[in-house]
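Hi everyone, thanks for coming. I'd like to walk you through a structure that may be new to you, so please have it open on your screen.

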Amino acid sequence: MKITNEQVGKFLLLWIVFFNFLKLIGMLIWKVSDNYKLRKGIARQILNCVLYSIFWIAIWMFTPISIFFKENFVGYLFNKDLKDGAYSALVIIFILFASIPLYLYGAKLIKDKFLISLKNLSPIIAIVCLFWYYRFFSNDYQFYGIVQGEIGKILKILDFPVIVLMIYSGIVCFYSIFQEKKVNTYNSMMVVDSPLLNKENDEYDRSQFYKSIINTLSGSIGQKDKALSIGVVNKWGEGKTSFIGFLKKEFLKDNNTIFIEFNPWYSSSSSNLTMDFFQTLDQELSKYIYTGSLLRKYAKSLTNIDSPLNPFKYLPDNWVSEKSHDEYFKDINALLLKLNKRIIVTIDDLDRLDNKEVFAVFQVIRNSANFDKMVFITPFDKEYVVHSLSELKIHKPEDYTKKIFDVEFSLPPISKFHLIRAFEIILKEALQKLNKLKAESKKELSDQIEQILIDSGLSIVGTVKYTVINKVMFENLRNKRDLIRFVNSLVINLRDSHEIVYLPDVFILELIKHLDVGFFRKLFETKDWITKEDGSNNFLENNVLNDPELEVILTAVNDENMQLTLKELLRNLVAMPLSNDFNSGYSFHYSSNYYNYHQFKYDGVSNRDIEDLFLDQ
């Protein structure tokens with residue numbers, strides 16, 4: 001049996017295609033094991049993709065579609081009477097036009113990082129499989145070579161776009177099946193303020209209180225003909241969101257409870273908040289019972305009734321066939337009774353909303369107040385909420401909140417002892433990440449932090465700076481969120497300058513910035529302090545304390561206690577440090593160190609260096 005060149009060419013092409021395919025699979029397995037992991041639920045997607053592909057192939061092979069395609073499409077457009085050049089031109093034009101939607105879809109895939117449902121690839125996989133079947137194992141179609149001669153017998157015009165399509169589909173398959181392992185290669189210095197996941201991890205020893213409240217709520221079932229509304233009243237940053245997380249973890253274990261979280265912060269405006277709430281409610285309840293979008297319709301009726309664009313409001317009631325609020329309300333209650341589950345709804349982040357949005361949240365609770373078996377739990381800062389209602393001219397806003405909430409309780413306050421313990425953990429962990437920090441420097445800085453935290457200035461003469469820092473810091477930083485914001489700002493300033501600054505003075509400057517940014521900026525806007533020498537060793541201290549502009553800024557501060565605090569901090573900032581204290585030679589007290597506290601760039605390039613550079617030009 002004589003082997004023709006065309007057969008050899010087919011064999012080589014087939015070998016190249018499948019060899020490279022196997023090679024690609026091997027490389028993927030090797031790379032995947034190190035850098036990627038399977039996406040969740042991907043096995044089901046792969047099975048669906050295979051089944052859909054088999055379905056499309058079966059439709060093609062066992063229905064008249066293939067015969068219709070051959071006789072009316074291929075037979076009409078690509079008949080044998082066409083010359084090779086005309087045939088090639090038609091094929092090229094066809095490929096170009098067919099490539100347009102593929103290109104547009106590909107651009108979208110690249111934007112979406114090639115992540116799609118695998119079953120959407122099944123038509124392409126079916127086309128590729130059918131092409132190679134007709135190319136090598138069937139004589140139903142004649143494939144024209146890309147050029148004349150022996151090469152044309154081996155390489156066909158359609159081989160190239162199909163191979164490109166295979167590569168394209170392979171890339172899409174890869175990114176749809178695998179996701180990159182998240183390896184944290186950046187040693188972040190920033191401390192992230194994340195809600196706690198377990199009540200046992202609460203740093204303030206409030207886990208027993210959480211347990212008691214959760215047990216109380218667990219024994220409370222939703223009332224008939226009345227929703228229960230509970231307010232958790234605490235300041236910003238005192239653990240309200242963590243408490244909601246603890247509730248969620250506990251109630252998700254209860255099959256008779258539906259736990260729904262609504263965050264009004266994500267609503268685009270106060271006018272959309274009602275619709276967003278009832279859409280969330282409808283979406284969550286529809287997982288358990290068919291709602292018929294009843295809650296969405298109720299929300300629409302609530303938001304449209306007073307709109308000037310609603311033509312029905314100008315018509316007599318007996319002309320309007322729309323359901324009334326009461327009818328929608330009764331239908332919803334009947335739905336909830338049929339569902340027969342307790343529904344707990346949490347509404348968080350009221351402290352971030354504007355005045356109108358705060359009032360809109362209360363309207364949402366009011367409009368749901370008589371739904372059966374519903375419990376609303378709303379954490380909020382009462383001072384903030386009362387102020388928002390006052391701005392809207394709500395009469396007696398404190399009494400108004402009592403009408404919204406059936407009961408209010410507060411999480412236990414955070415003691416100074418717990419704040420000090422939390423601050424020490426946060427700050428020492430952050431300091432470990434400072435650039436080029438030597439072991440002995442770490443120990444010295446840790447010792448200075450401990451002196452600040454234990455208020456050693458009360459017992460050691462000369463360390464009054466430590467005493468003032470401790471006093472002011474824990475009078476003004478009252479929760480973990482405040483501590484984290486303070487530590488992040490502190491560590492950013494220490495990142496590349498920790499070797500040329502005095503830590504207590506950095507603390508004082510951070511406290512001044514925390515209390516009054518305008519006053520802090522003024523400290524670095526006045527250059528005369530370091531140029532006007534009066535012959536004494538303390539001329540910087542004298543210049544700062546006697547600066548009339550600083551006195552004007554202080555006078556503008558409305559709070560008298562804040563004025564006294566800023567003055568006290570300023571006096572201690574420029575005061576002489578203990579001579580044997582770590583890095584005391586770099587204290588703010590010495591004028592030569594002034595620019596070390598206003599660093600512009602790494603390796604000691606300060607604002608003064610930049611200014612000198614321009615003066616030299």
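Let me begin with a definition: rings of Phe, Tyr and Trp, the last taken by its six-membered ring, count as a pair if their centres lie within 6.5 Å. Keep in mind, too, that what you see is a predicted model.

With that rule, how many aromatic pairs does a search of the whole structure find? The search finds 22. Let's take one of them. Phe 423 and Phe 486 have ring centres 6.2 Å apart and planes at 45°, so this pair is tilted. The two residues come from distant parts of the chain: Phe 423 sits in helix H16, residues 416-431, while Phe 486 sits in helix H19, residues 480-494, and 63 residues separate them.

Phe 262, Phe 277, Phe 278, Tyr 298, Phe 329, Phe 371 and Phe 376 make it up. Please remember Phe 376, as we'll meet that residue again.

The charged end of Arg 135 sits over the ring of Phe 136, at 4.9 Å from the ring centre. Likewise, Arg 352 places its charged end over the ring of Trp 265, with 5.7 Å to the centre.

Now to the strands, and I'd start with S6, residues 374-380. Seven of its seven residues are buried, so S6 is largely enclosed by the rest of the structure. Which residues point which way? Met 374, Phe 376, Thr 378 and Phe 380 point one way, and Val 375, Ile 377 and Pro 379 point the other. There's our Phe 376, a member of the aromatic cluster.

What does S6 pair with? One partner is strand S3, residues 228-233, which runs parallel to S6 over six bridges. Here Val 232 has Pro 379 as its bridge partner in S6. Strand S5, residues 342-347, also pairs with S6 in the parallel sense, over four bridges. In that case the bridge partner of Thr 346 is Ile 377.

S3 itself is worth a stop. Six of its six residues are buried, so S3 too is largely enclosed by the rest of the structure. Leu 228, Ile 230 and Val 232 cover one side, and Ser 229, Gly 231 and Val 233 lie on the other. S3 also runs parallel to strand S7, residues 407-409, and three bridges join them.

Next, a helix: H13, residues 355-367. H13 has 13 residues and reaches 19 Å from its first C-alpha to its last, close to the 18 Å expected at 1.5 Å a residue. The buried residues in H13 are Glu 357, Val 358, Ala 360, Val 361, Phe 362, Val 364, Ile 365 and Asn 367. As background, an α-helix has 3.6 residues a turn, so residues three or four places apart point the same way.

Two loop residues deserve a look. Lys 393 has a phi near 65°, a positive value in a residue other than glycine. Lys 393 lies in the loop between helices H14 and H15, and is exposed, with a relative accessible area of 72%. Asn 583 also has a positive phi, near 60°, and lies in the loop between helix H24 and strand S8. Asn 583, though, counts as buried, at 16% relative accessibility.

Last, something from a record. An unreviewed UniProt entry lists residues 12-30, 50-69, 89-107, 114-134 and 154-178 under "transmembrane region". In the model, the span 50-69 is 90% helix and 0% strand, with its end C-alpha atoms 24 Å apart. The span 154-178 is 80% helix and 4% strand, and its end C-alpha atoms lie 36 Å apart.

That's the tour, and I'm happy to go back to any part of it.

Methods: Residues numbered from 1 in each chain as written. Predicted model: local features only at pLDDT ≥ 70, side-chain atom pairs only at ≥ 80, totals over all residues. Heavy atoms only, no water. UniProt positions renumbered as here; feature names shortened; annotations may be inferred. Phe/Tyr/Trp six-rings, centres within 6.5 Å; stacked < 30°, edge-to-face > 60°. Lys NZ or Arg CZ within 6 Å of the ring centre and 35° of its normal. Expected span 1.5 Å × (residues − 1). Buried < 20%, exposed > 50% of the residue type's maximum accessible area, 1.4 Å probe, protein only. Pairing = 2+ DSSP bridges.
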